[in-house]
Amino acid sequence: MRYLAFLDQVHAKLRPETYLEIGVRNGTSLALSRARTVAIDPAYSITDEISCDLRLFRTSSDEYFNRADPLAPTGGRPFDLAFIDGLHLFEFALRDFIHTERHSSAKTLIIFDDVLPRNRDQAARVRHTISWTGDVYSLIAVLARYRPELTVIPVNTIPTGLLLVLGLDPQNRTLADHYHEILAEHRQPDPQPVPEELMDRLSVLPSQRVLDAGFWDILADADSEASPAQVRRDLQTQLASLGDAFGRDGGGEEAA
Ligand SMILES: C[S@@+](CC[C@H](N)C(=O)[O-])C[C@H]1O[C@@H](n2cnc3c(N)ncnc32)[C@H](O)[C@@H]1O
C-alpha cells in the first residue's frame with residue numbers, strides 16, 4: 001500500500017479535529033485533511049486542491065515552534081493527528097517530535113514518513129539519491145531506548161515506510177533533557193549503519209494489518225483531557241492483536 005492511501009484511511013478512521021503537517025511540498029498529503037490544520041514548510045509550492053480549514057506557514061518547523069503560541073491557529077486545541085515529513089535529518093525529526101508531542105494530548109497519533117530506507121545510500125545524511133529517507137530511521141532506536149512507554153509501530157508502506165507513535169505525553173521532557181546525549185550517541189556519519197532487519201523490513205507490520213487493528217476507535221473516541229496512563233491502558237488490549245512487541249504493559253517508566 002502506498003503511504004498516501006494509508007494516510008487517507010488514517011484520516012477516515014480518526015476523524016481528527018486538528019491536524020499538523022510538517023513538510024508540505026506540493027500539498028499531496030495535506031489534501032487528505034478535513035481538519036483544522038496547521039501546515040509548515042519553508043518552501044512549499046502547492047498544486048493539489050486543499051479542502052480543510054488551513055493555516056499555512058512558510059517557515060521552518062523550528063522557527064514555528066519557537067513562536068509564543070504554536071497552538072494559536074487551533075484556538076489552543078492540541079493536535080489530534082500529526083504528520084512529520086520535513087527535513088529528513090535525524091536531529092530535525094527528533095526536534096519535530098519533541099515539539100509536536102508538547103502540543104499534543106494523550107489521544108494524539110504522530111506519524112513519521114520515510115523511516116524505512118531500502119539501502120544505506122537512501123539513508124545518507126548527505127543526499128545523493130532521488131528517493132531519500134536520510135537518517136530519520138535512527139528515531140526508532142531512540143524512542144525504544146528513551147521512551148519505552150510509547151507504542152511505536154513501523155508500517156510497511158510504499159515507498160519508504162511510516163512510523164506510528166501512540167500513547168503520547170505532552171508533559172514528558174525526557175527527549176529534550178537528553179537531546180545532546182542522544183545526538184552524540186545516535187547521529188552517525190555516512191555511510192549510515194542502518195540495521196539489516198530494518199532494510200529487509202523484517203520487524204515491520206503490513207499496512208492492512210495495522211489498519212485492521214482495534215486501537216483506532218480508542219484514539220478517535222478518547223477525551224483529549226484523558227491522562228496518558230489512561231489512554232495507554234485502554235490501548236493495551238487492542239495493541240496485543242498486533243503481536244507481543246506491541247501488547248506490552250504501557251504503564252512503565254522512562255529508561256532515562
Ligand atoms: C518530502 S517533502 C513533503 C511531502 C508531503 N508531506 C507529501 O507527502 O505530499 C518534504 C518537505 O519538507 C520541507 N522542509 C525542509 N526543511 C523543513 C523544515 N526545517 N521545516 C519544515 N519543512 C521543511 C521541504 O521544503 C519539502 O517541501
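Biologist: Where does Pro-159 lie in this one?
Modeller: Pro-159 is in the loop between β6 and β7. Keep in mind that this is a predicted model.

Biologist: And the peptide bond from Ile-158 to Pro-159, cis or trans?
Modeller: That bond is cis, with omega near 5°. Most peptide bonds are trans.

Biologist: Which other peptide bond is cis?
Modeller: The bond from Asp-190 to Pro-191 is cis as well, with omega near -5°. Pro-191 sits in the loop between α6 (179-186) and α7 (196-199).

Biologist: Back to β6 and β7. Do they pair in the parallel or the antiparallel sense, and over how many bridges?
Modeller: Antiparallel, over 5 bridges, with β7 covering residues 162-166.

Biologist: Which residue in β7 is the bridge partner of Val-155?
Modeller: Leu-162 is the partner of Val-155.

Biologist: OK, what's the strand order of the sheet?
Modeller: The order is β3-β2-β1-β4-β5-β7-β6, in an open sheet of 7 strands with mixed pairing.

Biologist: Which are the edge strands, then?
Modeller: β3 (53-57) and β6 (151-155), and each of these pairs on one side only.

Biologist: New topic, pockets. What volume does the largest pocket have?
Modeller: About 730 Å³. Its lining has 31 residues, and Arg-25, Asp-85, Gly-86, His-88 and Asp-114 lie nearest the centre.

Biologist: How does that lining split by class?
Modeller: It has 12 nonpolar, 11 polar and 8 charged residues.

Biologist: Which helices each supply at least two residues of that lining?
Modeller: α1 (3-14), α2 (61-65) and α3 (90-102) each do.

Biologist: You mentioned Arg-25. Where is it found?
Modeller: Arg-25 is in the loop between β1 (18-22) and β2 (36-40).

Biologist: Is phi of Arg-25 positive or negative?
Modeller: Positive, near 50°, and Arg-25 is not a glycine. Most residues other than glycine have a negative phi.

Biologist: Now the ligand. How many residues surround it, and which are the closest?
Modeller: 18 residues surround the ligand, the closest being Tyr-3, Gly-23, Ser-29, Asp-41 and Asp-85.

Biologist: What lies 2.5 Å from an oxygen atom of the ligand?
Modeller: A polar side-chain atom of Tyr-3.

Biologist: And which atom of Gly-23 lies 2.8 Å from a nitrogen atom of the ligand, backbone or side-chain?
Modeller: For Gly-23 it's a backbone N or O atom.

Biologist: What about Asp-85, how far is it from a nitrogen atom of the ligand?
Modeller: A polar side-chain atom of Asp-85 lies 2.8 Å from a ligand nitrogen. Asp-85 is also one of the residues nearest the centre of the largest pocket.

Definitions and conventions
Residues are numbered from 1 along each chain as its sequence is written. This is a predicted model: local features need pLDDT of at least 70, side-chain atom pairs count only at pLDDT 80 or more; totals for chains, interfaces and linings use all residues. Side-chain values use heavy atoms; hydrogens and water are left out. Two strands pair if DSSP finds at least two bridges between them. Helices (H or I, at least four residues) and strands (E, at least two) are DSSP runs, numbered from the N terminus. On a 1 Å grid over the protein atoms alone, a cavity is a set of points where a 1.4 Å probe fits but cannot get out, and a pocket is an open set with protein on both sides within 12 Å along at least five of seven lines; lining residues have an atom within 4 Å of a point. Grid points are joined across faces, edges and corners, and a volume is the space filled by probe spheres set on the points. Ala, Val, Leu, Ile, Met, Phe, Trp, Tyr, Cys and Pro count as nonpolar, Asp, Glu, Lys and Arg as charged, and the others, Gly among them, as polar. A residue is near a molecule or strand if one of its heavy atoms lies within 4 Å of it. A polar contact is a pair of N or O atoms within 3.5 Å; within protein, one must be able to donate a hydrogen and the other to accept it, and residues adjacent in sequence count only if both atoms are side-chain atoms.
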